[in-house]
Amino acid sequence: MTKVGNQLDRNQKLYDFLKSKTWQLTERWYESLKKNQNGIYGTSNLEEIQLLKQQNHLFHEKFVEMFNNSDEVCEKSFDDFITMVVNDEGHQHTPLTEIIGEFFKQQQLYLELLEEFMDQYPNEL
């Protein structure tokens, strides 16, 4: 297989791996959530929790697609997602510092997932 073919195969494996883990990421994130926060992240309302998880999962789906789509498609997709979150009443009542903190938590979850990928496919990166 050519060098380009190997790279495409590795990219596809990473994409498939990440795509298969989107719900797991959402559940890991929710389990790690400090439930005493203000705003949407501290809610005990089951409908709000379900919506929050759906929004988080949608973020992961859109993020993973960056490994499979063009820049223009990804940018439009994230613009739509950002608009949805900005218009979400729960997020409007959540301190910005908490929202940013949760995005940093996503970064940590992806680093852990990349370690898992490297353990599973040690010769792929």
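This is a predicted model: local features need pLDDT of at least 70, side-chain atom pairs count only at pLDDT 80 or more; totals for chains, interfaces and linings use all residues.
Colleague: What does the C-alpha trace span?

Modeller: Along its principal axes the trace spans about 55 × 30 × 25 Å.

Colleague: What percentage of the residues is buried?

Modeller: Of the 125 residues in the protein chain, 36% are buried. Buried means under 20% relative accessible area, exposed means over 50%, and partly exposed lies in between (1.4 Å probe, protein chains only).

Colleague: Which residues touch the most other members of the largest nonpolar core?

Modeller: They are Leu 18, Trp 29, Leu 33, Tyr 41, Leu 52 and Tyr 110, in a core of 22 residues. At least two core residues come from each of helix H1 (3-20), helix H2 (22-32), helix H3 (46-64), helix H4 (71-86) and helix H6 (96-120). H6 gives the most, with 5 residues. A nonpolar core is a set of buried Ala, Val, Leu, Ile, Met, Phe, Trp, Tyr and Cys residues joined through side-chain atoms within 4.5 Å.

Colleague: And what is Leu 33 in contact with?

Modeller: Leaving aside neighbours within four places in sequence, Leu 33 is in contact with Tyr 41, Leu 52, Glu 102 and Lys 105. Contact means heavy atoms within 4.5 Å.

Colleague: Changing topic, at what angle do H2 and H3 pack?

Modeller: H2 and H3 pack at an angle of about 135 degrees, and their axes are 9 Å apart. That makes H2 oblique to H3. Axes are lines fitted to C-alpha atoms, for helices over the stretch in contact, and angles run from 0 to 180 degrees between N-to-C directions. Angles under 35 degrees count as roughly parallel, over 145 as roughly antiparallel, 65 to 115 as roughly perpendicular and the rest as oblique.

Colleague: Which residue classes occur in the contact of H2 with H3?

Modeller: The residues of that contact divide into 7 nonpolar, 5 polar and 3 charged. Ala, Val, Leu, Ile, Met, Phe, Trp, Tyr, Cys and Pro count as nonpolar, Asp, Glu, Lys and Arg as charged, and the others, Gly among them, as polar.

Colleague: How do H3 and H6 cross?

Modeller: Their axes come within 13 Å and cross at roughly 55 degrees, and H3 and H6 are therefore oblique to each other. The contact is made by Asn 56, Phe 59, His 60, Phe 63 and Val 64 of H3 and Phe 103, Gln 106 and Tyr 110 of H6. By class, this contact has 5 nonpolar, 3 polar and no charged residues.

Colleague: Is Phe 59 buried or exposed?

Modeller: Phe 59, in helix H3, is buried, with a relative accessible area of 11%. Apart from neighbours within four places in sequence, Phe 59 is in contact with Phe 78, Phe 81, Phe 103, Gln 106 and Tyr 110.

Colleague: What about Gln 55, buried or exposed?

Modeller: Gln 55 is found in helix H3 and is buried, with a relative accessible area of 6%. Beyond four places in sequence, the contacts of Gln 55 are Phe 81, Met 84, Asp 88 and His 91.

Colleague: Where is Leu 25?

Modeller: Leu 25 is in helix H2 and counts as buried at 1% relative accessibility. Leu 25 and His 57 are 32 residues apart in sequence and 7.8 Å apart in space, C-alpha to C-alpha.

Colleague: Last one: where does Phe 67 lie?

Modeller: Phe 67 lies in the loop between H3 and H4 and counts as partly exposed at 41% relative accessibility. Leaving aside neighbours within four places in sequence, Phe 67 is in contact with Leu 14, Tyr 15 and Leu 18.

Methods. Residues are numbered from 1 along each chain as its sequence is written. Side-chain values use heavy atoms; hydrogens and water are left out. Helices (H or I, at least four residues) and strands (E, at least two) are DSSP runs, numbered from the N terminus.
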